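The following exercises are to be worked through with the sequence and the model at hand. Each task is followed by a solution in steps.

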Amino acid sequence: MTIQEIQEEIVDEFSMFDDWMQRYEYMIELGKSLPLIEEQYKKDDNIIKGCQSKVWVHAELEGDKLSFTADSDAIITKGIIAILIRAFSGQKPQDIINADTGFIDEIGLKEHLSPTRANGLVSMIKQLKLYAVAYQTQLN
Amino acid sequence: MIETTLDIATLRKDFPILERKVYGYPLVYLDNAATSQTPQAVIDSIVDYYSSYNANIHRGVHALSQEATDAYEQVRKKLKRHFNAGKDHEIIFTSGTTHSINLVASGFASILNKDDEILVSAMEHHSNIVPWQMLCEKTGAKLRVIPMDESGDLLMDKYEQLLHERTKLVFCNHVSNALGTINPIEEIINKAHAVGAAVLIDGAQAAAHIVADVQALDVDFYTASAHKMCGPTGIGMLYGKEEWLRRLPPYQGGGEMIAEVSFEKTTYADLPHKFEAGTPNICGAIAFGAALDYMNNIGFEAIAQYEEELLNYATAQLLQIEGLRIYGTARHKTSVISFNVGEMHPYDIGTILDKMGIAVRTGHHCAQPIMDFYQIPGTIRASFSFYNTMEEVDMLAAGIKKAVAMLS
């Protein structure tokens, strides 16, 4: 599936919920399915700055596609990063660089998009894209 | 059991913002230690200033300028009376406590040398750590820390051991923003003076709850921010003893702070203008005055008494939640509760509370050394004001329980 298709799938899933509580419960659930980062990569260098909770992300190139693993000490943050990784993992770096992330708004997490927001969703997206840029350079 | 003589329901009507809803829920505002809400009387004072006498002060010959100058200077007198300063010009308007502290720290750069020491308490806000670190970098002076115990009380015997003739300055908050501890500032000041050290007390967290009498305390510097005491943001004050204010060099150059200027030499204006360069926050100062009047009309004693009832009730309610731990259980504290539940991240609980319209603060509260002390990433902080109700405490407790259920 393309990033676009995965995002539409996520938007579909979230559209089943009527209120924030169900959305958050689902997000917490998604956090539990997050592909966890290996302990060796859980170091300060891999912490995303700008988050009130700690978020570690690691990226690896498998063939011409990027795969991400991550972790966080906060459950909601874990859910948010899980959603992002689901959309980006297993995709080509160039596609990740080009990806639009407007779907976050559509799944009712708009308030997390503000750059001043403590969870740093914006920083997470930026970091995932930076990994893509770095690996794209390697591929070229 | 509510014993307060205050009519909280009526007082709440003074605050238009308390009527609003957040995500469809009635707002439960429990972040008062960060910024208090603004009563209509203060909002009116702002509207009135811009509607009727907005002008630059101290230099206009015209009526508006005169009215604005009078109103601005009246607030200085009000602050002088409120904090019982000896002289009007010992009150300096600043943009807030951070500015006040920086003004003093910068002034001491020309006074300190490398053999001197500065003492700062373990429970300071970053704004009362960083300026002194910068001062130490500049002068070579050393920064020493007065430690605290598990409950959030300063270790006064350790403080005494740290004091000696090379201690030039002691900085401590009157009330800790992260823990709510009311520090024994009288003792801190007396002991510092015994070795000849000057003392700055950061009153940002105290001023909404306790009236400090700067003369009785004999404190050298005291700071406050209007936005924590029902006033607007961007305005605050520094009280300084006249002898110190005369000794310290000006902080910023500009208009208003000069007596005479030529390209060869400038002579500085007298106090307080020496420290108020440029056009000040005139409207802010006037609104600060309105906020002070508003709070004094209610009465600080009645406010403190009711807030203590809120604190006691909230503490009892929250402690009923399984796994909830309160950080900061000092003998004397203001209506602030910093807590965590089990191993849950404060951010998770804070986010869910927010979705229910309950505003709390989460994180390290600009006091990372305290979080390091407890070895936690941060806390959830609920801080109460006199317009909060017991029902809101119940809503907080119910909200925490719901968040815990969702996150477990």
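**Exercise 1.** Which domains does the domain assignment of chain B give?

Solution. This is a predicted model, in which local features need pLDDT of at least 70, side-chain atom pairs count only at pLDDT 80 or more, and totals for chains, interfaces and linings use all residues. Residues are numbered from 1 along each chain as its sequence is written, while chains are lettered from A and ligands numbered from 1 in the order in which they are written.

Step 1. Domain 1 of chain B covers 8–30 + 300–407, and domain 2 covers 43–296; such bounds come from an automatic or database domain assignment.

Step 2. Between the C-alpha centres of domain 1 and domain 2 of chain B there are 29 Å.

**Exercise 2.** Describe the side of domain 1 of chain B that touches domain 2 of chain B.

Solution. Step 1. In chain B, 21 residues of domain 1 are in contact with 22 residues of domain 2; two residues are in contact if their C-beta atoms, placed from the backbone, lie within 7 Å.

Step 1. On the domain 1 side, the elements giving two or more residues are helix 11 (300–319), strand 14 (336–341) and helix 13 (368–374) of chain B. Helices (H or I, at least four residues) and strands (E, at least two) are DSSP runs, numbered from the N terminus.

Step 2. Helix 11 of chain B gives the most to this side, with four residues.

Step 3. By class, this side of domain 1 of chain B has 11 nonpolar, six polar and four charged residues. Here Ala, Val, Leu, Ile, Met, Phe, Trp, Tyr, Cys and Pro count as nonpolar, Asp, Glu, Lys and Arg as charged, and the others, Gly among them, as polar.

**Exercise 3.** Find which residues touch the most other members of the largest nonpolar core.

Solution. Step 1. A nonpolar core is a set of buried Ala, Val, Leu, Ile, Met, Phe, Trp, Tyr and Cys residues joined through C-beta atoms within 7 Å. A residue is buried if 20 or more other C-beta atoms lie within 10 Å of its own, exposed if 12 or fewer, and partly exposed in between, with C-beta atoms placed from the backbone.

Step 1. Of the 156 residues in this core, the answer is Leu84(A), Leu128(A), Val199(B), Ile286(B) and Ala291(B). Helix 10 of chain B supplies the largest share of the core, 11 residues.

**Exercise 4.** Examine the backbone at Asn84(B) and at Pro272(B).

Solution. Step 1. Most residues other than glycine have a negative phi, and most peptide bonds are trans.

Step 1. Asn84(B), although not a glycine, has a positive phi of about 50 degrees. Asn84(B) belongs to the loop between helix 3 (63–82) and strand 4 (91–94) of chain B.

Step 2. The peptide bond from Leu271(B) to Pro272(B) is cis, with omega near 0 degrees. Pro272(B) is located in the loop between strand 12 (266–268) and helix 10 (282–298) of chain B.
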